[in-house]
Amino acid sequence: MILAILTGSGCLAFREISISGNLITQLAFENQRVEITGTVITDSKATAIHIAGARINQSSSNFLVRANTVAANGKISTVRIPIRVYSNSTINFYPGERIKISGKLGLTKERRVSAALSAKEISILSFGNVLDRGTNAIRSKYRSELSGKNSDAASLIPGVVLGDTSLQTPEFTILMRRVGLTHITAVSGANLAIVTGFVLWISKLILKKRRNRILVTVVFLIGFIFLVRASPSVLRAAVMAAVLLFARSEGEKSQSVPALGAAISLLLLLDPFQGVDAGFALSVLATAGIIFLSKPISNFLQIQLPSYVAELLAIPIAATTLCTPVIVALSGQISLTSIPVNAVVAPAITPLTVLGFVAALLILVLPSISTLILDLSLPFASFITWVAAIGGKAPILKMARGFQGLSISVALVSIGIFLLIRFRGRWKLLIAVGVIPTLILQSPWYEGGFPGRNWRVLQCDVGQGDAALIHTGQHRAVVIDVGPDPNLIDNCLRSGGITQIDLLILSHFHADHVAGLTGALRNRKVLSIWINQSQLPIFEYRQTMALLKGLEIKKVKLGDHAVIKSEYGALTATVIWPKDSNSGANSEVLAGEGSAINNGSIAIFFDLNGVTLFSAGDLEPAPQRDLLQRNQLKKVGILKMFHHGSQFQDLAALQKLSPAITLISVGSGNPYGHPSPKTIKFLDQIGAKTFRTDLVGAISFSWSYDSQHHAVISSRNSGKEWWRIKWS
C-alpha cells in the first residue's frame, strides 16, 4: 500500500501538470471568450453566497464538465479536460448530459480542473444514456417530493439516502457539522453496508445460490453508486465492498484490513486527487477506527454496560477517535456532543436508509407507494434532527487549526489509546482523565478561558468586517454589527455565553457589517433592533429586513437614546448621527468624500457606568468633520475605529476623541490596505493603545476602579491576560 501511495503521488503530480499545461489553461490566462462542448460529470449545486468587500455576491450554480471541443479565435480544437462551469441559469444540469457553453474562461485554484468558465449561454445537446437519465429522474423526483414538506427532517432524507443536501438550509448544515453528523449525509461505507445488507437479505429469500445472490447485490451496488454519485467516500466504500463480495463468492474468509488497503491503493492509483481530499481521508480514518478500535473500546465499555449498548457506542467512538485530528486541523474545534449524538441517532439511521432506498426504487414506477414509504421514514429523520438540535446547544472545545492542531490532537489521541490499552481495567480513572479536563476548560468559572468571566467589551474576530459585544449581564449583551460570516459571529456570541441580545445595532447595510445576521440570531432572543436611515445597498437591505421580520425595529437618528439595565450599572446609548430621518438633510455631507452608504452609518456614544465607548461604523472624513464642527465629539475611553482604520480619517476628529484604547476590526491580508499605516501612526502619536483583530484575533476587555485604574485586555490567541494598561 505504501508503494501505491508513492505511485499515487507521482500520478498526482503528472495529472496536475497535464491539467495546468494545455490549451484551456492558456485561454483562461488570457480571459478568452470561448464556446465549449462537453459532458456534464457532476450535478449542479448552488454556489455559496459569499462576500466580496461590502457586497453580497448572489448565489449561482456550478458543476463540472469534461470539455471535448473548444472554439476560440475562429479555431476549433479537440480537448479532454475537466473545467468548472459557473452559471446563473435556473436550469439544473445532470451527469451524462452533453452541453454547449459560451462564456469567458478564467484561472482557478481548484486542483482537479483546468479552468473556470463563467457561462453566458448554455444549451443541452443530448441527455445522456439510459442509466444516467434514469438516476437523474429518480433524484429529481425524490427531491421534488420532499421539498414540499419544507422541514429539516424532510431535507435530511435525500441527504442520508442519496447524498443530496440541496434542500438543507445553511443553518441546518451548520448544526449538523457542529454536532458531528455531516457524515450521515455524505453517502459512504455505512450507507453502502446498510443497502448491501438489505439487498443480500432480500435476495436470500428468493435465490438459493450464493453466487447468484452476490451477483444481484453487485448489480444493485453499481446502480446505487450511479444514483448517489461517485464521491471519494462512496468510491472507497464501493471498492472495499467489491473486494469483500469477491472474497465471499470464492468462499474465502472476509478480511477487512486487506479490503481497506486494496480500496485505498486502487483509488489512489485511479484518482490520485483523492489523496488530498479531506472527505476521503476522513472516510478512510473512520473505517480504520472501526476496524482497529471498536473491539477494544467495546470490551472496555462492557465492564459497566450491557454488550449490545457497548457495541452500539463503540462504533461512533472508534470512528470519531481517529477522525478527530483531521477535524481539528480543518475546523479548529471539537464537538463535545459528537460521540453521544452519534450513538443516540445510530438506531434511526438504518431504518431511515432502508426505507429511503426502497422509496427511491419505487418513486418512478409506484409514486403513491413511494410517497407513503417516505412518510413512514419522516419520524426517523425527525428524531435525528431533534437530537442534533439538543446536541447543538452544548459548547465546543476550541483548538488551533492546521498543523499545530493536527499535531496536538494526534498526541492526545495517541495518549488516549495508550491509556485505554494500559489501564483498560480501571474505567473510573480513564473516564476522569477524559472528562474532567474538558469540563474545566469549558466551565464559565475557568478564568483562563477566553473571554474570561468578567469581560465587559468583546471585539469579535469576524475577518474583514465588524462586530462587537457589550456585556450587560449573564448570557446578555448589546451587539454592534454582525460581520460578514454567520459562523464567526455565532462563535463569538457563544464564547461570551450570549443567548439574549438586549439591543442589536446594525450601523449600515454593507455586507461586512450585516451578512452574518443569521448566525447572530441563531437560538437567541433579540429584544430590540436599531438600524440607520438608508435602504442601500438594496439587496443587502432586503435580505436583512426579511431576516428581522416580526422583531422590534427602530430607524434611529440624532438624539435617540436608550438606557439598558445592566449587572454593572446603567448602560446608556446616545445616537449622534445621522442628523435626522430626512435623507436630503445629510446630502451635503454624503456628497463629500467616501461612500454615501458608509457615511450613513449610525454613530453612538455608550456610557458603560463611567466608561465611554464610541462606535460609528464606517463613517468617513466628511461626517467626522461635521460632528467635530457641531461639537458632538468628546474624549472617550474606547474607540471602535472608523471604517476598519482606513486612510480616510479626519485627524482633528480623532484628536478630539483621544481614545485610551482603539479597536480595529479587520481581516488579515485584506485587499484594501486596512488599517492604514498613516492612521496607526497618528493613533500612536495621540497616545491610544491600538488592538487589531488581524494580529491578535478576538479581544476582550475588563476594567476596575481600584487605586491602579487598570484595564485588562486578553486575546483569543493567547486565551489569557496579555496586556495591562493604566486606564485613567
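Analyst: Happy to. Asn73 sits in the loop between strand S5 (61–72) and strand S6 (75–87). Please keep in mind that this is a predicted model.

User: Why is Asn73 called exposed?

Analyst: The label exposed needs over 50% relative accessible area. Asn73 has 63% relative accessibility, so it counts as exposed.

User: How do you know that the length of helix H12 agrees with its residue count?

Analyst: H12 has 25 residues, 338–362, and at 1.5 Å a residue it should span 36 Å. The C-alpha atoms at its ends are 34 Å apart, so the two values agree.

User: Where does H12 bend, and by how much?

Analyst: The bend is at Ala346 and comes to about 45°. A proline, Pro347, follows within four residues.

User: Which residues make the nonpolar surface patch?

Analyst: Trp201, Ile202, Leu205 and Ile206 make a patch of about 460 Å². Trp201 is in helix H6 (residues 189–206). To join a patch, a residue needs over 30% relative accessible area. Trp201 has 52% relative accessibility, which also makes it exposed.

User: What makes Cys460 and Cys492 a disulfide?

Analyst: The cut-off is a pair of cysteine sulfur atoms within 2.5 Å. The sulfur atoms of Cys460 and Cys492 are 2.0 Å apart, and a disulfide joins the two residues. A search of the whole structure finds one disulfide. The pair links distant parts of the chain, 32 residues apart: Cys460 lies in the loop between strand S11 (457–459) and strand S12 (467–473), and Cys492 lies in helix H16.

User: Why is this disulfide called left-handed?

Analyst: The torsion about the S-S bond of Cys460 and Cys492 is about -75°, so the disulfide is left-handed.

User: Are these two cysteines buried or exposed?

Analyst: Buried means under 20% relative accessible area. Cys460 is at 0%, so it counts as buried, and Cys492 is buried with 4%.

User: How do you know that Asp490 and Arg494 form a salt bridge?

Analyst: The rule asks for a nitrogen to oxygen distance within 4 Å, and the side chains of Asp490 and Arg494 meet at 3.2 Å, N to O. The two residues are four apart in helix H16 (residues 486–495), so about one helical turn separates them. In general, an α-helix has 3.6 residues a turn, so residues three or four places apart point the same way. Asp490 is buried at 4% relative accessible area, while Arg494 is partly exposed at 25%. Asp490 and Arg494 are also linked with Arg522 and Arg524 in a network of salt bridges.

User: What makes Asp650 and Arg625 a salt bridge?

Analyst: Their closest N and O atoms are 3.7 Å apart, and the limit is 4 Å. Asp650 lies in the loop between strand S22 (638–640) and helix H22 (651–657), and Arg625 in helix H21 (residues 621–629), so the pair ties together parts that are 25 residues apart in sequence. Asp650 is buried at 10%, and Arg625 is partly exposed at 30%.

User: How many salt bridges does this rule give?

Analyst: The count comes to 12. Another one is between Asp560 and Lys554, with the closest N and O atoms 3.6 Å apart.

Conventions:
Residues numbered from 1 in each chain as written. Predicted model: local features only at pLDDT ≥ 70, side-chain atom pairs only at ≥ 80, totals over all residues. Heavy atoms only, no water. Expected span 1.5 Å × (residues − 1). Bend = angle between axes of the 7 residues up to and from the residue. Patch = residues over 30% accessible without salt bridge, like charges linked within 9 Å, V, L, I, M, F, W, Y side chains within 5 Å. Areas by Shrake-Rupley, 256 points an atom, 1.4 Å probe, with all protein chains shown as cover. Buried < 20%, exposed > 50% of the residue type's maximum accessible area, 1.4 Å probe, protein only.
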